[in-house]
Amino acid sequence: MDKMIVQGGQQLNGKVKTSGAKNSALKVLFATILAEGKHVFKNVPRLKDVESTANLLQSLGLETEWNSDELIVHSKKLTSVEAHYDLVRKMRASILCLGPMLAKYGEAVVSLPGGCAIGSRPIDLHLEAMKALGAEVILKDGYVHAKAKKLKGAHFLFENVTVGGTENMMMAASLAEGTTVLENVAKEPEIVDLAEYLNRMGAKISGFGTSVMKIEGVEKLKAAEHSVMPDRIEAGTLLIAGAITGGEVTVESCNPVHLESLILKLRESGFRVETDKTSVTVFPLKEWEAVDITTAPYPLFPTDLQAQFMALMSLAQGTSVISETVFENRFMHVQELMRLGADITPKSRVAVVRGKPKGLSGAPVMATDLRASASLVLAGLTAKGETQVSRIYHLDRGYEKLENKLSALGAKISRKE
Ligand code: EPZ
C-alpha cells in the first residue's frame, strides 16, 4: 500500500506550475460522446481519474490515446450505452455520461454511483433535470435506466446548486429540441470551461458563470479542440504549502481570479499575497491569525480547500471555526490531524480548531479521501519529525506528481511502496 513519507520542518521556497484541472478535464472528456470525430485536449493532468474516464469511454466504444502531451478522443457511434458498476464505483463523476448518452442516443443505462467517504452524494437532481427534458427515468437493480425519443428544452430550477447536475444538464440540453433555461446553476470555473468547449463544438450556451443559463438546442455538434483550465484546487493547495512552512512560493500557470476566496482568507490571516495575471505568490510569515471559513458554492470558499486550510489553521494564533456546508461528512481528516497534535473539535458540519503556533509532531496517519490526503501531507511538511501518510492512492486521483512539485520547492518528501 503506497505511503508518502514527509520529513517536517523544511521551508518551501520557489516557483511551481499548476497542472490542468481534474474537475474540468473529466467533464470535457464525457462531452466527446456528443460529437463524433477527433477531439484534441491539451493541458490534461495525468491522474487516476482521467485514466478511469478514458477507460469508461473505451468501454462505450470510443478510442482514446495520448499523443505526447495531448489526449485525443476518437469519438464515434457508441457500441454500448451502459456504464457498468465496476467502472462507476471507482469514480462518481462517471454519472456525467448520462446526459450526453441520453441526448445523442436517446438511451442510457448508468450504474448508481453509491456513496463515498465525504457523504451520500445522491444524484436526484441529475435525474430531475433529465426528466424535465422529457426523459423517462427508472431505477432498477442499482442502475439508472433513462430513455427519451428526443429531449425537449425546458425551464428548470435546481433546488440546490450542483456542479455535476449542472454539467449533465448542459450536455443534455445542447442537443435537445428548443430552448432550455436553467436557474440556480453552479457558477464554478469548471462550468465555464465546459460551456466554452461545448460552444466550440457548436452548442449555443449563454449565461454560464452566472446563476441563470440559457441553452438553445442544436441538431448536431462537431468534434473540437480544448485546452483544460488550470486546476484552482491544486493551485490553492500549493499556496497553502508555502504558507504553512513559512516560505515564499509562487504558483504559476494558474488563474488568480479563481482563488479569490482563498487569497482573501490568507490575507485576513496576516499573509502577504500578491497576484499577477497567471500567478499568485504567498510570502513568509512566522505567526498567523486564526480565521473562520464557511465553504459554499463558487465564488465562496471552496469545499475542496477546506481540509487543506484546516491544516493551516491548526498552527494559527487563536481559534478558527470551520463550517462545511456542501458535504455532510467532510471532516474525515480531523481525527488524523489530531494524531499529529492538532486541537480540533468536530461537531457535524462545524469544526472548532484551537491553533497551536508551537506546531505539530509527525506520526503515521491515514488518508481517507482526496483532499484529506492533501491536508495530511501539508501538515506533515511542518510537523516535527516524520509523518507517514498511508492509502496515498487517494492523493493520486487528483494531484499530478505532488511529491515532485513539493520536493522542487525544498520539501523532504518521498513515496514508499
Ligand atoms: C464536484 O462534485 C467536484 N467533483 C467535487 O470535487 C466538489 O467538491 C463539488 O463539485 C462541489 O464543488 C468533480 O467535479 C468531479 P455537487 P459534484 O453535485 O458535482 C448534493 C474533489 O475533491 N447533491 O455540486 O458531485 C451533494 O450530495 C471533488 O475534487 C444532491 O443532493 O458535487 C453535495 O452534498 C470532491 N443531489 C452537494 O449537493 C444531486 O443530485 C454538492 O454536490 C447532486 C448533488
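How many helices and strands does the secondary structure of the protein chain come to? The chain has 14 helices and 24 strands (DSSP runs, H or I of at least four residues for helices and E of at least two for strands, numbered from the N terminus). The model is predicted: local features need pLDDT of at least 70, side-chain atom pairs count only at pLDDT 80 or more, and totals for chains, interfaces and linings use all residues. Residues are numbered from 1 along each chain as its sequence is written, and side-chain values use heavy atoms, with hydrogens and water left out.

The C-alpha trace spans about 65 × 45 × 45 Å along its principal axes. Of the 417 residues, 59% count as buried (under 20% relative accessible area, 1.4 Å probe, protein chains only). Contacts are heavy atoms within 4.5 Å. Among contacts between residues at least 6 apart in sequence, 72% join residues at least 24 apart.

The ligand is surrounded by 21 residues (a heavy atom within 4 Å of the ligand). The closest are Asp124, Leu125, Thr162, Asp304 and Val326. By class, this shell has 9 nonpolar, 5 polar and 7 charged residues (Ala, Val, Leu, Ile, Met, Phe, Trp, Tyr, Cys and Pro count as nonpolar, Asp, Glu, Lys and Arg as charged, and the others, Gly among them, as polar).

Polar contacts are pairs of N or O atoms within 3.5 Å; within protein, one must be able to donate a hydrogen and the other to accept it, and residues adjacent in sequence count only if both atoms are side-chain atoms. A polar side-chain atom of Lys22 lies 3.1 Å from a ligand oxygen. For an N or O atom in the side chain of Asn23, the distance to a ligand oxygen is 3.0 Å. A polar backbone atom of Val163 is 2.8 Å from an oxygen atom of the ligand. The protein covers 85% of the 820 Å² of accessible area that the ligand has on its own (Shrake-Rupley method, 1.4 Å probe). Elements giving two or more residues to the shell are α1 (22–31), α5 (124–132), α6 (163–174) and α12 (370–382).

Helix α12 also holds Ser375. Ser375 is buried, with a relative accessible area of 0%. Leaving out residues up to four places away in sequence, Ser375 touches Ala307, Gln308, Ala311, His333 and Leu337. Leu337 is 38 residues from Ser375 in sequence, yet their C-alpha atoms are 8.3 Å apart.

Ser111 lies in strand β7 (residues 107–111). Ser111 is buried at 1% relative accessible area. Beyond four places in sequence, its contacts are Ala83, His84, Tyr85, Val88, Gly142 and Tyr143.

Conventions: Buried < 20%, exposed > 50% of the residue type's maximum accessible area, 1.4 Å probe, protein only.
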